[in-house]
Amino acid sequence: MNAVDAGMPKVVVVEDDPTIQLIVKRSLEKRFEVQAYTNGLDALAFLHEGNNVDIIIADLNTPEMGGLELIEQLKASGFFSGIPVLVLSGEESTESRIKCLDSGADDYVVKPFNPRELEARINAILRRTGKILLN
């Protein structure tokens with residue numbers, strides 16, 4: 001993979017379960033620069049510090065600020081509204097998926113998940129947004 005800026009694409013993971021967070025980080029760290037937070041508030045603070053990211057992977061149920069509220073905050077911001085968001089959640093209801101997608105999420109993956117599928121979905125989003133070139 002060639003990143004447009006020749007650096008690795010930057011991924012922020014918002015996940016409060018340490019095991020899931022570790023699985024996501026380990027499965028992505030060879031091809032992505034991964035920064036992980038246990039809640040959306042800390043991830044948003046990271047962005048407000050001037051850090052640029054290419055995609056955010058967010059769990060819906062995290063303390064302080066969940067994934068849906070994070071999506072709404074990002075999409076309401078002129079500066080962060082273009083950052084793609086992939087929801088990674090144990091909630092598999094159609095209503096939850098629709099609500100997230102209608103709020104601005106770019107994709108929705110249900111836990112348990114296949115790490116290779118997660119990476120493929122991230123790559124598809126980044127290709128659509130012009131953040132990476134084809135392999």
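This is a predicted model: local features need pLDDT of at least 70, side-chain atom pairs count only at pLDDT 80 or more; totals for chains, interfaces and linings use all residues.
**Exercise 1. Lys111 and its partners**

Find the side chain that Lys111 contacts at 2.8 Å, and then describe the surroundings of Lys111.

*Solution.* A polar contact of 2.8 Å links the Lys111 side chain to that of Glu15. Now widen the view. Beyond four places in sequence, Lys111 touches Glu15, Ile20, Asp59, Leu88, Ser89 and Gly90. Then place Lys111 in the fold: Lys111 sits in the loop between strand 5 and helix 5. Is Lys111 buried or exposed? Its relative accessible area is 18%, and the cut-off for buried is under 20%, so Lys111 counts as buried.

Finish with the backbone. The peptide bond between Lys111 and Pro112 is cis, with omega about -5°. Pro112 also belongs to the loop between strand 5 and helix 5.

**Exercise 2. The two sides of helix 5**

Work out how the buried residues of helix 5 are arranged and what covers them.

*Solution.* Take the dimensions to begin with. Helix 5 runs over residues 115-128, which is 14 residues. From first C-alpha to last it reaches 20 Å, close to the 20 Å expected at 1.5 Å a residue. Now list the buried positions: Leu118, Glu119, Ile122, Asn123, Ile125 and Leu126. These residues lie on the same side of helix 5 because they cover an arc of only 160° around the axis. Turn to the other side, where Arg116 and Arg128 are exposed.

What covers the buried residues of helix 5? The cover includes helix 1 (18-28), strand 3 (55-58), strand 4 (85-89) and strand 5 (107-110).

Lastly, check the ends. The N-terminal end of helix 5 is capped by Asn114, with a side-chain oxygen 2.7 Å from the backbone nitrogen of Arg116. After helix 5 comes Gly130, whose phi is positive, near 75°.

**Exercise 3. Thr62 and Glu64 in one loop**

Describe Thr62 and Glu64, both found in the loop between strand 3 and helix 3.

*Solution.* Take Thr62 to start. With a relative accessible area of 11%, Thr62 is buried. Its side chain reaches the backbone oxygen of Met65 at 2.7 Å. Setting aside residues up to four places away, Thr62 touches Val14, Glu15, Asp16, Thr38, Asn39, Gly40 and Gly67. Glu15 is also a polar partner of Lys111.

Now move on to Glu64. Glu64 is exposed, with a relative accessible area of 62%. Its phi is positive, about 70°, although Glu64 is not a glycine.

**Exercise 4. Aromatic pairs**

How many aromatic pairs does the whole structure hold, and what is their geometry?

*Solution.* A search of the whole structure gives 2 pairs. In one, the ring centres of Tyr37 and Phe46 are 5.4 Å apart and the planes meet at 45°, so the pair is tilted. In the other, the rings of Phe79 and Phe80 have centres 5.2 Å apart and planes at 80°, so this pair is edge-to-face.

Tyr37 is buried at 15% relative accessibility, and Phe46 is buried with a relative accessible area of 15%. Phe79 is exposed at 67%, whereas Phe80 is buried at 6%.

**Exercise 5. Confidence**

Which residues stay under 50 in pLDDT, and what is the mean for the protein?

*Solution.* Begin with the overall value: the mean pLDDT is 92, and 93% of the residues reach 70 or more. Over residues 1-5, pLDDT stays under 50. The model has 14 contacts beyond four places in sequence for residues 1-5.

Technical notes: Residues are numbered from 1 along each chain as its sequence is written. Side-chain values use heavy atoms; hydrogens and water are left out. Helices (H or I, at least four residues) and strands (E, at least two) are DSSP runs, numbered from the N terminus. The expected span of a helix is 1.5 Å times one less than its number of residues. Buried means under 20% relative accessible area, exposed over 50%, partly exposed in between (1.4 Å probe, protein chains only). The arc is that of the directions from the helix axis to the C-beta atoms. Contact means heavy atoms within 4.5 Å. A polar contact is a pair of N or O atoms within 3.5 Å; within protein, one must be able to donate a hydrogen and the other to accept it, and residues adjacent in sequence count only if both atoms are side-chain atoms. Rings of Phe, Tyr and Trp (its six-membered ring) pair if their centres lie within 6.5 Å; planes under 30 degrees apart count as stacked, over 60 as edge-to-face and the rest as tilted. pLDDT is the predictor's confidence in each residue, from 0 to 100.
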